[in-house]
Amino acid sequence: MMMTTHHLRYLLLPLLLSSLLVHAQDNQDKPAHSAPTEANPATTQEPVEHEQVTETPAESEAAGKEPEASSGSESGSEIAEPAQPAEASSEAKTAAVTAELETLQTQLAEAQQQNTELTAQLEEAKAARDELQTQLSEAQQATSELQSQLTDAATKQADLDNQLAALQAEHDALVTERDGLQEELTTHQTELQQAQQALSDLNTQHDELTTRTARLEAELEEAKTRTHTVGPGESLSEIATRYYGNGDRWTEIHEANSAIIIDPNILEAGMELKIP
């Protein structure tokens, strides 16, 4: 709006100055045509007298004339006096118009200076606008690229969320499997402890059996080397009862000594028999 007002002022000021110059020129030419001449006072007197008849005091005062004291004055000097205030008024108007013209010229110069400055400011504003438009275009391009990157990031985020959900499900399954394996491990550890205890018991039993076996082997070796001297009237059943606690095992003694016992019912006193 400010730019439009200044431009209107620049367009109207030359027209106004031309109008004021024409008006000033008219005011300068008007007293020369209306001033009465002294060469023919008679010819100018009648119009003056006609004006004195038709003019009122108010009209005379509005025209810058002083009301005449008497309408019957016929002096030539009194008729020529009203032209002087009109000429002074015209000169005052001309001076006022000239002063106003100078003021307007000053204002026009200032307006032209302002117009130059505003034109420079306008060019700067246009350059700034172009730069801002370029920056805006670059910003829009960057925004478009960022939006594309954001879309890609959102897609990747969705993929990562899906992968995370799958990994979470797998993790939960592994946790469940781990808990099951932990229970199995606890069970196996209990079974292992029980097995170890059983093994310890078996080791103890083995040690006992080893000791017993060693003792039995020793007794067996001792039994293999035992001998009995047959007393008078002894029988194989008596000897078996003595060594085995069972007389029916006499056959074992007979078999072990078959080389020297011809008849199991007849034993000679003094015979050395092996007691298996």
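**Chatting about helix α6 and its surroundings**

Modeller: Happy to! Let's begin with helix α6, residues 236-244, where the buried residues are L236, I239, A240 and Y244. Viewed down the axis of α6, these buried residues fall within an arc of 100 degrees, so they line one face of the helix. Keep in mind that this is a predicted model.

Biologist: Nice. What covers the buried residues of α6?

Modeller: The cover includes strand β1 (227-229), helix α7 (250-256) and strand β2 (272-274).

Biologist: Which residues make up the largest nonpolar core?

Modeller: That core has 11 residues: V230, L236, I239, A240, Y244, I253, I261, L267, M271, L273 and I275. Helix α6 gives the largest share of this core, with 4 residues. Apart from it lies another core, of 9 residues, including L17, L20, A24 and V97.

Biologist: Let's go back to Y244. What does Y244 touch?

Modeller: Leaving out residues up to four places away in sequence, Y244 touches R226, R249, E252, I253, I275 and P276. With R249 there is a detail to look for: the charged end of R249 sits over the ring of Y244, 3.9 Å from the ring's centre.

Biologist: Can we zoom out for a second? How many helices and strands are there?

Modeller: The protein has 7 helices and 2 strands. Starting at the N terminus, the elements run α-α-α-α-α-β-α-α-β.

Biologist: What share of the protein's residues is buried?

Modeller: Buried residues make up 14% of the 276 residues. As for contacts with a separation of 6 or more, 60% of them join residues 24 or more positions apart.

Biologist: Back to details, then. Where does H228 lie?

Modeller: H228 is in strand β1.

Biologist: Why does H228 count as buried?

Modeller: H228 has 5% relative accessibility, and the cut-off for buried is under 20%. Its side chain makes a polar contact of 3.5 Å with the side chain of R242. Not counting residues up to four places away in sequence, H228 touches E234, I239, R242, Y243, M271, E272, L273 and I275.

Biologist: I also noticed N257. Where does N257 lie?

Modeller: You'll find N257 in the loop between α7 and β2.

Biologist: Is N257 buried or exposed?

Modeller: N257 is buried, with a relative accessible area of 4%. A polar atom of the N257 side chain lies 2.8 Å from the backbone oxygen of I253. N257 also touches E272, L273 and K274, again not counting residues up to four places away in sequence.

Biologist: One last stop: which helix holds T94?

Modeller: T94 lies in helix α5, which covers residues 83-224. With 10% relative accessibility, T94 counts as buried.

Biologist: How far apart are the C-alpha atoms of T94 and H23?

Modeller: They are separated by 8.6 Å, and the two residues are 71 residues apart along the chain.

Biologist: Thanks! I'll go and find those in the viewer.

Definitions and conventions:
Residues are numbered from 1 along each chain as its sequence is written. This is a predicted model: local features need pLDDT of at least 70, side-chain atom pairs count only at pLDDT 80 or more; totals for chains, interfaces and linings use all residues. Side-chain values use heavy atoms; hydrogens and water are left out. Buried means under 20% relative accessible area, exposed over 50%, partly exposed in between (1.4 Å probe, protein chains only). The arc is that of the directions from the helix axis to the C-beta atoms. Contact means heavy atoms within 4.5 Å. A nonpolar core is a set of buried Ala, Val, Leu, Ile, Met, Phe, Trp, Tyr and Cys residues joined through side-chain atoms within 4.5 Å. A polar contact is a pair of N or O atoms within 3.5 Å; within protein, one must be able to donate a hydrogen and the other to accept it, and residues adjacent in sequence count only if both atoms are side-chain atoms. A charge sits over a ring if NZ of Lys or CZ of Arg is within 6 Å of the ring centre and within 35 degrees of the ring normal.
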